[in-house]
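Thanks for coming. I will take a few minutes on one chain, and the structure goes up on the screen now.

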Amino acid sequence: MLYEFKIHNSKFIIQKMSRDQQLKQRWEQLVNILSNQFSQGEDLDLDAIIYLIGVQELGKVHQKFKKDEKLNLMHIAICRLLEPYGYYEFDYFDTEGWPHYTVKEELPPLKAGEQSVLMKEAIVNYFLERQVIE
């Protein structure tokens, strides 16, 4: 019985490593694509990509935004990115066209590294849906 558990456990570890490696490759591919398109090749960081998603979700790509609006754009992006995970649900568009979300479930307490991995996974899935990356 112990032998079977070890095989199962090893299989799980290999699958997780493979999934992590695939996420890393897709993330690097996405950063490369977005950096070339939006920052003349200088690598965009996680926050910059979240901001771009917020602008995309708002649909006002040629507008200049104030500092508080930029924070709201990042909030929109985070809500949209975590919606498939069951944490947020789209509620409505306000009169200015800004999307609003309601909290369905509180995020569990995550360490900084865990938050980063969750957001990268959500971002990769967002761009996979849009066929920006494979």
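**Notes on the chain, starting near its end**

Q131 is exposed, because its relative accessible area is 70%; exposed means over 50%, buried under 20%, and partly exposed in between, with a 1.4 Å probe and protein chains only. Before going on, the ground rules: this is a predicted model, in which local features need pLDDT of at least 70, side-chain atom pairs count only at pLDDT 80 or more, and totals for chains, interfaces and linings use all residues. Residues are numbered from 1 along each chain as its sequence is written, and side-chain values use heavy atoms, with hydrogens and water left out.

Back to Q131. It sits in the segment after α4 (112-129), where helices are DSSP runs of H or I with at least four residues, strands are runs of E with at least two, and both are numbered from the N terminus. Q131 has a positive phi of about 60 degrees, although it is not a glycine. Most residues other than glycine have a negative phi.

Now the overall layout. The protein chain has 4 helices and 2 strands, in the order α-α-α-β-β-α along the sequence. Of its 134 residues, 28% count as buried. For contacts, meaning heavy atoms within 4.5 Å, take the residues at least 6 apart in sequence: 49% of those contacts join residues at least 24 apart.

Next, two helices. How do α2 and α3 pack? Helix α2 (residues 46-58) meets α3 at an angle of about 85 degrees, with the axes 7 Å apart. The axes are lines fitted to C-alpha atoms, for helices over the stretch in contact, and the angles run from 0 to 180 degrees between N-to-C directions. That angle makes α2 roughly perpendicular to α3; the label covers 65 to 115 degrees, with under 35 roughly parallel, over 145 roughly antiparallel and the rest oblique. On the α2 side the contact includes D47, I50 and E57, and on the α3 side it includes K70, L73 and R80. By class, this contact has 11 nonpolar, 1 polar and 4 charged residues. Here Ala, Val, Leu, Ile, Met, Phe, Trp, Tyr, Cys and Pro are nonpolar, Asp, Glu, Lys and Arg are charged, and the others, Gly among them, are polar.

Leaving out residues up to four places away in sequence, R80 touches E57, Y101, Y126, E129 and R130.

That brings us to the aromatics. Rings of Phe, Tyr and Trp (its six-membered ring) pair if their centres lie within 6.5 Å; planes under 30 degrees apart are stacked, over 60 edge-to-face, and the rest tilted. The count comes to 4 aromatic pairs. One of them, F65 with W98, is edge-to-face, at 6.4 Å centre to centre and 85 degrees between the planes. F65 is in the loop between α2 and α3, W98 is in the loop between β1 (88-93) and β2 (99-103), and the two are 33 residues apart. F65 is buried, at 10% relative accessibility, and W98 is buried, also at 10%.

Y126 and F127 have ring centres 5.1 Å apart and planes at 80 degrees, so this pair is edge-to-face. Y126 is buried at 3% relative accessibility. R130 lies over the face of Y126, at 3.6 Å from the ring centre; the rule asks for NZ of Lys or CZ of Arg within 6 Å of the ring centre and within 35 degrees of the ring normal. Finally, ring pairs link F90, F93 and Y101 into a cluster.
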